[in-house]
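Subject: Structure handover and notes

Hi,

Here is the structure I promised to pass on to you. Please open it alongside this email, and my notes follow below.

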Amino acid sequence: MNYRHTFHAGNFADLVKHATLLLLIERLTLSLDPLVVVDTHAGAGAYDLQGEAAAKSGEAQAGILRLIADAQAPAAFSALKQAVIALNGGGPVRFYPGSPLLIAGALRPTDHYLACELRSDDHATLQQALKPYAFASARQADGYAAAPGALESKRRALVLIDPPFEASDDYGRISEAVAAILSRQPQATIAVWVPLKDLETFDALLRRLEDAGVSDMLVAEARLRRLTDPLKMNGCAMLLVGAPVGLDHTLTEVVQWVARPLENADGLGRVWRPAG
Ligand SMILES: C[S@@+](CC[C@H](N)C(=O)[O-])C[C@H]1O[C@@H](n2cnc3c(N)ncnc32)[C@H](O)[C@@H]1O
């Protein structure tokens, strides 16, 4: 496992993922019923944008730093902006929260959060980051395998699946995990982050899920450019299963803001439902 999220923390793809994640939690915590959240690929918890890796890639410039500087950014980003501002004590943005700190900060003491991370160094950092939250636990485990068992059939659930896509079987494991989660908790909301390189790979994932009996899907995609070079990450999508109703407009605001910096004519942000 070579992937280190610290190179990409706070980039455009994190904005799509994390703004969507917080919008989902906001909706799912409107009810008083406790919520279980499982983060199958949690990473280290938080990232130093002035650290060597983040500074080398510079990806946060067109991501969180652009967002924070834009006072006119859509309200759909408010929760994410507030979390980042709070982590930095209201000062200049140096630290960026990963999904663990965003989730833990948005949940209530009656909820439960399981964060899975395979790498021992990132797991150790994650454990430290989650220490203040009694309802949260960090497990050094394979998140695909751990997620279904962490759910109870009667408890509402949100599962974030955010793999590094460096293993050739990630797409297959995603569809198996989604099917296993739904067989355990049919009402679960599942959010899968997917890179967009070429359309065939993404279509194949949708087909696999449809073949596994998964319906009720919603896609929020942000393309930065046309998908002519399949070796590049040309955009990203959040693939949602069992999303709460009524989020389409807010998610559209998120992906359009991300995809169309400076009125980029090749950018495309849209929210759509796969037929089937
Ligand atoms: C894209 S990063 C996660 C970023 C994090 N979700 C966030 O939004 O801040 C993917 C992480 O998954 C870890 N990982 C890879 N395979 C895994 C697996 N099967 N189970 C759990 N973690 C895994 C990697 O070490 C890496 O830290």
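Let me begin with helix H10: the elements covering its buried residues include H1, E8, strand E9 (235-241) and strand E10 (268-272). Helices here are DSSP runs of H or I with at least four residues, strands are E runs of at least two, and both are numbered from the N terminus. A residue is called buried if 20 or more other C-beta atoms lie within 10 Å of its own, exposed if 12 or fewer, and partly exposed in between, with C-beta atoms placed from the backbone. Contact, or touching, means that two such C-beta atoms lie within 7 Å.

Before going further, please note that this is a predicted model, in which local features need pLDDT of at least 70 and side-chain atom pairs count only at pLDDT 80 or more, while totals for chains, interfaces and linings use all residues. Residues are numbered from 1 along each chain as its sequence is written.

Back to H10 (residues 248-259): its 12 residues reach 16 Å from first C-alpha to last, close to the expected 16 Å (1.5 Å times one less than the number of residues). Its buried residues are Leu 251, Val 254, Val 255, Trp 257, Val 258 and Ala 259.

Val 254 also turns up in the largest nonpolar core, which has 90 residues; there Val 16, Val 159 and Val 254 touch the most other members. Such a core is a set of buried Ala, Val, Leu, Ile, Met, Phe, Trp, Tyr and Cys residues joined through C-beta atoms within 7 Å. Helix H1 (residues 12-28) contributes the most to this core, namely 11 residues. Beyond its neighbours within four places in sequence, Val 16 contacts Ala 220, Ala 222, Cys 236, Met 238, Val 254, Val 255 and Val 258.

For the overall picture, the protein has 10 helices and 10 strands. Its radius of gyration is 17 Å, close to the 19 Å from the globule rule for 276 residues, so it is as compact as a globular protein of that length; the radius is taken over C-alpha atoms, and the rule is 2.2 Å times the number of residues to the power 0.38. Buried residues account for 46% of the 276. Among contacts with a separation of 6 or more, 76% join residues 24 or more positions apart.

Now the ligand. Around it are 21 residues, of which His 41, Gly 43, Gly 98, Ser 99 and Gly 143 come nearest; a residue belongs here if its C-beta atom, placed from the backbone, lies within 6 Å.

Phe 165, although not a glycine, has a positive phi of about 55°, and lies in the loop between strand E6 (156-161) and helix H8 (170-184). Phe 165 is partly exposed, with 16 C-beta neighbours inside 10 Å. Asp 216 has a positive phi too, near 50°, and sits in the loop between helix H9 (199-211) and strand E8 (217-223). With 12 C-beta neighbours inside 10 Å, Asp 216 counts as exposed.

Gly 242 itself is buried, with 22 other C-beta atoms within 10 Å.
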